[in-house]
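Thanks for passing this one along.

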Amino acid sequence: QVQLVESGGGLVQAGGSLRLSCAASGGTFSSAAMGWFRQCPGKEREFVAAINWSGGNTYYADSVKGRFTISRDNAKNTVYLQMNSLKPEDTAVYYCTAGGPVVLVLQGLGSWGQGTQVTVSS
């Protein structure tokens, strides 16, 4: 079972950028699909992006396509989410997730980190 710790959240003005990081330990990182979800107060957690074990396949929610990029560095046991052209509606707690095949990560059925807050001001 992998342990996940997110970092990189903060306050940014609309149109700005942030890069989130998720460090993994305690599992076979190189064989695990990884992803990001986000959640606002009073709303259900929603899918943002995912990446397979090799990094060769990526998946994005329609709301972030063209603005966010997911990547991974297996040598550092870390997955990243580069967020550009941020909008106020991107404000949420962002959670890192990891599983086996990517289909499980896409469904939110993997392990979870504790989350990092992203706030985008108008």
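1. Which residues does Asn 52 touch, not counting residues up to four places away in sequence? The model is predicted, and in this model the contacts of Asn 52 are Ala 33, Asn 57, Arg 72 and Val 102. Asn 52 itself belongs to the loop that runs between strand S5 (46-51) and strand S6 (58-60).

2. Four strands make up an open sheet, ordered S1-S3-S8-S7, and their pairing is antiparallel. The edges are taken by strand S1 (3-7) and strand S7 (68-73); each has a single partner strand, so one side of each is left without a neighbour in the sheet. On average, neighbouring strands of this sheet are turned by 15° against each other, with direction ignored.

3. For a specific place to look, take Glu 6, whose bridge partner in S3 is Cys 22.

4. Now to the rings. The structure holds three aromatic pairs. One of them is formed by Phe 37 and Trp 112, with 5.1 Å from centre to centre and 80° between the planes, an edge-to-face arrangement. Phe 37 is in strand S4 (residues 34-39) and Trp 112 is in strand S10 (residues 111-112), so this pair ties together parts that lie 75 residues apart in sequence.

5. How do the two partners score for accessibility? Phe 37 counts as buried because its relative accessibility is 6%. Trp 112, at 29%, counts as partly exposed.

6. Trp 112 has a further partner in Tyr 95. Their ring centres are 6.5 Å apart and their planes stand at 90°, so this pair is edge-to-face. Here too distant parts of the chain are linked, with Tyr 95 in strand S9 (residues 92-98) and Trp 112 in strand S10, 17 residues apart. Tyr 95 is buried, its relative accessible area being 14%.

7. Which residues form the aromatic cluster? Phe 37, Phe 47, Tyr 95 and Trp 112 form one cluster. Please look at Arg 45 alongside these rings. Arg 45 lies over the face of Tyr 95, at 3.8 Å from the ring centre, and its charged end also sits over the ring of Trp 112, 4.5 Å from the centre of that ring.

8. A last stop is Trp 36, which is placed in strand S4. With a relative accessible area of 0%, Trp 36 is buried. For a distance to check in your own viewer, the C-alpha atoms of Trp 36 and Leu 4 are separated by 11 Å, while the two residues are 32 residues apart along the chain.

Methods
Residues are numbered from 1 along each chain as its sequence is written. This is a predicted model: local features need pLDDT of at least 70, side-chain atom pairs count only at pLDDT 80 or more; totals for chains, interfaces and linings use all residues. Side-chain values use heavy atoms; hydrogens and water are left out. Helices (H or I, at least four residues) and strands (E, at least two) are DSSP runs, numbered from the N terminus. Contact means heavy atoms within 4.5 Å. Two strands pair if DSSP finds at least two bridges between them. Axes are lines fitted to C-alpha atoms, for helices over the stretch in contact, and angles run from 0 to 180 degrees between N-to-C directions. Rings of Phe, Tyr and Trp (its six-membered ring) pair if their centres lie within 6.5 Å; planes under 30 degrees apart count as stacked, over 60 as edge-to-face and the rest as tilted. Buried means under 20% relative accessible area, exposed over 50%, partly exposed in between (1.4 Å probe, protein chains only). A charge sits over a ring if NZ of Lys or CZ of Arg is within 6 Å of the ring centre and within 35 degrees of the ring normal.
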